[in-house]
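Here is a report on how the parts of one protein model meet.

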Amino acid sequence: MALTTLATRVLGPAIMSRFSVTPVLEGFLNALSSSVIVAIVATVVAQGGWREAAAVALAAGVMLAARSAVWAMLAGATCAALWRVALG
Amino acid sequence: MLDGRGVRAGFLRLAPVGVFAAPFGLAFGAAAVEHGLLPLETLIMSATVFAGAAQFAVLDLWSHPLPLLSIALTVLAVNARHLLLGAALSPWVNALPWPRRLLALPLLSDANFADSYRSLREGGGDGVANLGVLVGGGLALWLAWTAGTALGAYAGSGLGDLGRFGIDLVMACFFAAVAAGDLKTPSSLLPAAVAAAVAVLALEAVPAGWNIILAALAGASVGALTGRLRPGR
């Protein structure tokens, strides 16, 4: 994990001194990381249930409204906690 | 150039941002221990990897024996964006002598990239573009991330059922927030929708973690196509 991550950090300029970033490559790399993240959220919701779906939807909503990942994470986790306590 | 003055400036500028990175570290530490990692393993992972999204992403894959290939591919996919950040910094990085090029980038992440890129393009406060700002900012974030992880990993394990505190869903909520922040432009919606659909459809069909890798490749391919179709770029 450490080596793979280090490689992605250090190799950017080395690669770019040989190739140029084409729109296709930029589109691919940009979509790659957000695709992983969306896929993970979709998997959690598919394996879970309404508690998971509600927490995730609230977190996304707070992010869109408040532009703060910290508040979004707190809101989603609080929703999940209350759901567990109130509904089991 | 890259010198101590830049490192100091970057560190001081991003120290306040570090205050916000620490709670993420705490959440990661608690979540990792819940997924069966030892506190020490969790701390070593944060100190050496220093990439929150990738670290959260591998927790679901953490079973013994470790699925090393899935873990490596997932980390590669989540962190591939670093290549773009590094590419944007290449005019300044490639101007450094060789050993210093390697010093400049190991702590590259989104926040210190955004801060130092602006400062580099403006030529710094005194007209000197200094990559030390990137290193110093990274150092501030790394300290906060590692300290937060330590607190979550060692204190979080004494709390019992973490579902009561919603900690089992901190990762999913964090990712939902990141995804919502990413989906600003219409062109990013289609890859995301394809990725979500592939992830859910493949869930039962492939070994754990591979549905994420398939979804990432599908979403990224759609992203490459829409990148090609985007006019004027």
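Across the interface of domain 1 and domain 2 of chain B there are 0 salt bridges. A salt bridge here is a side-chain nitrogen of Lys or Arg within 4 Å of a carboxyl oxygen of Asp or Glu. One polar contact does turn up: 1 residue pair, both at pLDDT 80 or more. A polar contact is a pair of N or O atoms within 3.5 Å; within protein, one must be able to donate a hydrogen and the other to accept it, and residues adjacent in sequence count only if both atoms are side-chain atoms.

The model is predicted: local features need pLDDT of at least 70, side-chain atom pairs count only at pLDDT 80 or more, and totals for chains, interfaces and linings use all residues. Residues are numbered from 1 along each chain as its sequence is written, chains are lettered from A in the order in which they are written, and side-chain values use heavy atoms, with hydrogens and water left out.

The contact in chain B (heavy atoms within 4.5 Å) takes 5 residues from domain 1 and 4 residues from domain 2. The area buried between these two domains is about 400 Å², with 78% from carbon and sulfur atoms. Buried area is the accessible area (1.4 Å probe) that two parts lose on being put together, summed over both. Leu61(B), Ser70(B) and Leu73(B) supply 63% of what domain 1 buries against domain 2.

Now the two chains. Here 77 residues of chain B are in contact with 57 residues of chain A. The area buried between the chains is about 5500 Å², and carbon and sulfur atoms give 78% of it. Leu83(B), Leu84(B) and Leu169(B) supply 11% of the area that chain B buries against chain A, more than any other three residues.

How many salt bridges are there between chain B and chain A? The count is 0. Polar contacts link 8 residue pairs, both residues at pLDDT 80 or more. Helix α9(B) gives the most to the side of chain B that touches chain A, with 13 residues. Helices are DSSP runs (H or I, at least four residues), numbered from the N terminus.

Methods
Helix = DSSP H or I, 4+ residues; strand = E, 2+ residues; numbered from the N terminus.
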